[in-house]
Amino acid sequence: MRIDNLNLTNFRGFSQQSFAFGEAFNLVVGENGKGKTSILEGLSVAAGGIFAKFPSQYINVRDIQVEDVHQIFHLQGQTLTMEPQFPCVVGCKGNVGGEIGTWACSMQAGQKMDRAGSDWIAKRSAQLQKKVQDGAPVELPVISHYGTERLWIQAGTQKVNTLGP
């Protein structure tokens, strides 16, 4: 499985943004708070579509969560409010088993994530799940990423020696 393009709409810090990825290796670099982890989270949501037809008790797939929905500020008189923007959409174009296709998932206000735009990847998922069920050899993707929050969690666990003047 390879994701070539990622399209994020109202996802985390992005109102609308598209990313293109190389076939072999991609490096995401940027200042703090510019969306590096959001790209990784979006890729995780998109890649989870490959497991859409696998039994959910065996697979932990990353869905769009309410906290992923992009919010904007509005000034109403003297009151500043943050308003979620819908729909929140994660879409992509990629390659599974040599076939190229597109798929998307979305969240509307007051609803859970919907994979209605994921027919293409769901079909590939069903094919893979059938091969696994039949005991056929199959290569499944490993979906793993690490955002910077792990560094903050680890920071308090050990003493860091710094150079002084």
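In what sense do strand S1 (residues 2-11) and strand S5 (residues 88-96) pair, and over how many bridges? In this predicted model, the pairing of S1 with S5 is antiparallel and comprises seven bridges. Arg2 has Asn95 of S5 as its bridge partner.

The two strands belong to an open sheet of four strands, arranged in the order S2-S1-S5-S6 with antiparallel pairing. Strand S2 (14-20) and strand S6 (99-107) form the edges, each pairing on one side only. From one strand to the next, the twist averages 10°.

Two helices pack on this sheet. Helix H1 (residues 36-47) touches S1, S2, S5 and S6, and the direction of H1 makes about 110° with that of S1. Helix H2 (residues 119-133) touches S5 and S6; the angle between the direction of H2 and that of S6 is about 115°.

The largest nonpolar core contains 27 residues. Within this core, the residues with the most contacts are Leu6, Leu8, Phe19, Ala46, Ile64, Val90 and Trp103. Two or more core residues come from each of the elements S1, S2, H1, S5, S6 and H2. In soluble globular proteins, nonpolar side chains tend to be buried together.

Phe19 is one of the core residues with the most contacts. When neighbours within four places in sequence are set aside, Phe19 is in contact with Leu6, Leu8, Phe14 and Ile39, as well as with Asp4 and Asn5. Among these partners, Leu6 and Leu8 are also listed with Phe19 as having the most contacts inside the core.

Key: Residues are numbered from 1 along each chain as its sequence is written. This is a predicted model: local features need pLDDT of at least 70, side-chain atom pairs count only at pLDDT 80 or more; totals for chains, interfaces and linings use all residues. Side-chain values use heavy atoms; hydrogens and water are left out. Two strands pair if DSSP finds at least two bridges between them. Axes are lines fitted to C-alpha atoms, for helices over the stretch in contact, and angles run from 0 to 180 degrees between N-to-C directions. Contact means heavy atoms within 4.5 Å. A nonpolar core is a set of buried Ala, Val, Leu, Ile, Met, Phe, Trp, Tyr and Cys residues joined through side-chain atoms within 4.5 Å. Buried means under 20% relative accessible area, exposed over 50%, partly exposed in between (1.4 Å probe, protein chains only).
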